[in-house]
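Reader: I am new to this structure. Can you walk me through how to read it?
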Amino acid sequence: MAVETDESGWEVDPDDEWGVAVITTVGRQLKLRREAAGMRAGEFGVAVGYGEDLVYKVEGGKRIPRQEYLDRADEVLGAGGLISAAWEDVKKVRYPKRVRELGKLEGKAVEIGLYECNIIAGLLQTPEHARTLIEAAQPPYSPDDVDRMVAARLARQSVYERDPAPSMHFVLEEAPLRRQVGGTMVWRQQLERLLEVGRLHNVTLQVMPTNADAHPGLDGRIELLKFPDGTAVGRSDGAFNGRPITDPKQLRVVELRYGTIRAQALSPRESLAFIETLLGET
């Protein structure tokens, strides 16, 4: 039985030129192999277990296929692993361009600093917490887009697996830690995840208590990434129109803001103790 097409891949962002090129090439190869095997699109769709509409979209470069689609196509067409191997290229473009670019920067950084005022940072979120936040958007995303955005957010967390590990600093406001996103169980799992990450040797996690005095982060998120060659990129919602900046003078402003926030927050030890206290209150 064919499955619904919007459970079987992701829409291609027309503004993502590299992604469009990759998916168009993969789709063309699939079509050539199907035709060489003498199979019509509908017949092929039945054989691989997907709808004919999806087959046309994938072959036309309009839909990003999931890994299971490529594996099934490889089996049906007797490609000996060549179609399945296309996943190595496809998986690089299955996430939105903006998220890929951010992940690439985080993957190269030797130091990552983040201050979040309204949510728990994406690099710290559990899958359930991330899904709840994304599903809360208005207007709502389609189930397909939700899956894609959750997967993209979690893929960025591969930064923890890097060797050597980057130095990572997080400052989170108290209020989002108290918000029981997804219910008590999901909330507890998220707090436990914060404790787990906060105890890593390369991670510093701090909490900004609600009763703290005014600080430079009150007008929005701040992020700062530093690279091996001495360059850096930063962004502050309350400065430079929130755009990414690389100019040394502007970076010093972002560093000053972030440094002031860290100085006003609870110490790492106090912060972990605070999160443990929240867990104990449930």
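Reader: Let me start with one residue. In which helix is Arg 72 found?

Author: Keep in mind that this is a predicted model. Arg 72 sits in helix α4, which spans residues 67–77.

Reader: Is Arg 72 buried, partly exposed or exposed?

Author: Look at the relative accessible area. Buried means under 20%, and exposed means over 50%. Arg 72 has a value of 30%, so it is partly exposed.

Reader: Which residues does Arg 72 touch, beyond those up to four places away in sequence?

Author: Two residues come up: Ala 47 and Val 48. With Ala 47 there is a polar detail too. A polar atom of the Arg 72 side chain lies 2.9 Å from the backbone oxygen of Ala 47.

Reader: How far apart in space are Arg 72 and Ser 84?

Author: Compare sequence with space here. The two residues are 12 residues apart in sequence. Their C-alpha atoms are 8.3 Å apart.

Reader: Now a whole helix. Which residues of α3 are buried?

Author: Helix α3 covers residues 52–59. Its buried residues are Leu 54, Val 55, Val 58 and Glu 59.

Reader: Where on the helix do the buried residues of α3 fall?

Author: Look down the axis. The buried residues of α3 fall within an arc of 125°, so they line one face of the helix.

Reader: What covers the buried residues of α3?

Author: The cover includes α1 (17–36), α2 (41–48), β2 (63–65) and α4.

Reader: Which residue takes a positive phi just after α3?

Author: That is Gly 61, with a phi of about 70°.

Reader: At what angle do α2 and α3 pack?

Author: The angle is about 105°, and the axes are 8 Å apart. An angle of 65 to 115 degrees counts as roughly perpendicular. So α2 is roughly perpendicular to α3.

Reader: Which residues meet where α2 packs on α3?

Author: From α2 come Ala 41, Gly 42, Phe 44 and Gly 45. From α3 come Glu 52, Val 55 and Tyr 56. This contact has four nonpolar residues, two polar and one charged. Val 55 is also one of the buried residues of α3.

Reader: Which residues are in contact with Ser 236, leaving aside neighbours within four places in sequence?

Author: They are Arg 221, Ile 222, Gly 242, Val 254 and Arg 257.

Reader: And the place of Thr 277: which helix is it in?

Author: Thr 277 is in α12, residues 268–280. With a relative accessible area of 46%, Thr 277 is partly exposed. A polar atom of its side chain lies 2.9 Å from the backbone oxygen of Ala 273.

Reader: How far is Thr 277 from Ala 155?

Author: Again, check both scales. Along the chain they are 122 residues apart. Their C-alpha atoms are separated by 30 Å.

Reader: Last, step back. How many helices and strands does the protein have?

Author: The count is 12 helices and seven strands. The C-alpha atoms fill a box of roughly 70 × 45 × 35 Å along the principal axes. Of the 282 residues, 45% count as buried.

Reader: What share of the contacts with a separation of 6 or more joins residues 24 or more positions apart?

Author: The share is 72%.

Conventions
Residues are numbered from 1 along each chain as its sequence is written. This is a predicted model: local features need pLDDT of at least 70, side-chain atom pairs count only at pLDDT 80 or more; totals for chains, interfaces and linings use all residues. Side-chain values use heavy atoms; hydrogens and water are left out. Helices (H or I, at least four residues) and strands (E, at least two) are DSSP runs, numbered from the N terminus. Buried means under 20% relative accessible area, exposed over 50%, partly exposed in between (1.4 Å probe, protein chains only). Contact means heavy atoms within 4.5 Å. A polar contact is a pair of N or O atoms within 3.5 Å; within protein, one must be able to donate a hydrogen and the other to accept it, and residues adjacent in sequence count only if both atoms are side-chain atoms. The arc is that of the directions from the helix axis to the C-beta atoms. Axes are lines fitted to C-alpha atoms, for helices over the stretch in contact, and angles run from 0 to 180 degrees between N-to-C directions. Angles under 35 degrees count as roughly parallel, over 145 as roughly antiparallel, 65 to 115 as roughly perpendicular and the rest as oblique. Ala, Val, Leu, Ile, Met, Phe, Trp, Tyr, Cys and Pro count as nonpolar, Asp, Glu, Lys and Arg as charged, and the others, Gly among them, as polar.
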